[in-house]
Amino acid sequence: MSAALESLLDLLDLEQIEQDIFRGTSRSAVVPRVFGGQVAAQALVAAGRTVPADRSAHSLHAYFLRPGDPGAPIVYTVDRIRDGRSFATRRVVAVQHGKPIFHLSASFQAHEEGMDHQAPMPPAPDPETLPTAAQMLPRYADRFADPLMVDRLLEARAAVDLRYVDAPPFATAGEPREPRSQVWFRTHGKLADDPLLHVCMATYVSDMTLLDSVLLAHGRGGWAVGDVVGASLDHAMWFHRPFRADEWLLYDQESPSASGGRGLGQARIYTADGQLAITVIQEGVVRVPRD
């Protein structure tokens, strides 16, 4: 296991300070605020620690309310909304400096058998044939105004092996493309056999690239290039089938719409053997900077 992954696991191991109240810290991000995937994953950890062990997360719906301060702790308060015979529902509010910055509703279900079908996995190359971030990012160093941006991106993604199938937005800025993007990802090291941990890790990664397809449609390079500004507004995930975040997962993303200063991304995450594991939808603020 890499040191970066150990650090991320420590970040997700929240401190319990009272019944249903937890505290987490933050790590540095590419932008000067708490990374949205981090606060979503930590909130899901908090929720999951209050449900019976036989119930697994099957959905979450969240709103980002305020930018998080990476220098201050985040307090997560869990409300036990309902515990039924099959489902448990939790609401989590993340607070910093006395104000809510994020809230999440999550639902957990006891295992049961039922009807089963899924959308087929789209074509994608073998992830082992694709360049790693350390191989790919330095090629585009001249695209970033900040000379340290490559190092900052590598540090922010050091716990995850994330490989682009096609060129990322910052590689083709100025050239509009089809609003679709694919990446393969897995953690840099094996994880414990805890289903909640794998779900929370996938939640963390899901916020890294989902709005890329919005940028591609308009030939924009992204936040690191500086030709757009924005932030996540809301995030929803449905967990359909078991998966491991330390094994290759294909993140197939597209954008059906952008308007009113907002862009929508939707995606499906597949296991390497073609099982549809997760559906993700996110809307974010995506604005062109004013001169």
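Q: Where does Ala 156 lie?
A: Ala 156 lies in helix H4, which covers residues 149-156. The model is a predicted one.

Q: Why is Ala 156 called buried?
A: Its relative accessibility is 17%. Buried means under 20% relative accessible area, so Ala 156 counts as buried.

Q: What is the C-alpha separation of Ala 156 and Arg 27?
A: The two C-alpha atoms are separated by 8.5 Å, while the residues are 129 apart along the chain.

Q: What makes Ala 224 buried?
A: The relative accessible area of Ala 224 is 15%. The cut-off for buried is under 20%, and Ala 224 is therefore buried. Ala 224 sits in the loop between helix H6 (212-217) and strand E9 (229-239).

Q: Which residues are in contact with Ala 224, leaving aside its neighbours within four places in sequence?
A: They are Phe 144 and Met 149. Contact here means heavy atoms within 4.5 Å.

Q: What makes E2 a partner of E4?
A: Strand E2 (residues 21-24) and strand E4 (residues 74-83) share four bridges in an antiparallel arrangement. At least two are required, so the strands count as paired. Phe 22 stands opposite Tyr 76 in E4.

Q: How do you know that E5 and E6 pair, and in which sense?
A: The strands E5 and E6 run antiparallel and are joined by 10 bridges. The requirement is at least two bridges, so this is a pair. Phe 87 has Gln 109 in E6 as its bridge partner. The hairpin of E5 and E6 has two residues between the strands, and in it His 97 takes a positive phi near 50 degrees.

Q: Which strand pairs with E6 over nine bridges?
A: Strand E3 (residues 55-64) pairs with E6 (residues 99-110) over nine bridges, in the antiparallel sense. Ala 57 has Phe 108 in E6 as its bridge partner.

Q: Why does the radius of gyration agree with a compact globule?
A: For 291 residues, a compact globule would have a radius of gyration near 19 Å. The protein has 18 Å, which agrees. Along the principal axes, the C-alpha atoms fill a box of roughly 55 × 45 × 40 Å.

Q: What share of the residues counts as buried?
A: Of the 291 residues, 49% count as buried. The accessible surface comes to about 13800 Å², and carbon and sulfur atoms account for 51% of this.

Q: What share of the contacts between residues at least 6 apart joins residues at least 24 apart in sequence?
A: The share is 72%.

Q: How many helices and strands are in the protein?
A: There are six helices and 12 strands.

Q: How far apart are the mean positions of the positive and negative charges?
A: The mean positions of the 28 positive and 36 negative charges are 5 Å apart.

Methods
Residues are numbered from 1 along each chain as its sequence is written. This is a predicted model: local features need pLDDT of at least 70, side-chain atom pairs count only at pLDDT 80 or more; totals for chains, interfaces and linings use all residues. Side-chain values use heavy atoms; hydrogens and water are left out. The radius of gyration is taken over C-alpha atoms; the globule rule is 2.2 Å times the number of residues to the power 0.38. Buried means under 20% relative accessible area, exposed over 50%, partly exposed in between (1.4 Å probe, protein chains only). Accessible areas come from the Shrake-Rupley method with a 1.4 Å probe; for residues, only the protein chains shown count as cover. Lys and Arg count as positive and Asp and Glu as negative; His and the chain ends are not counted. The place of a charge is taken as NZ of Lys, CZ of Arg, CG of Asp or CD of Glu.
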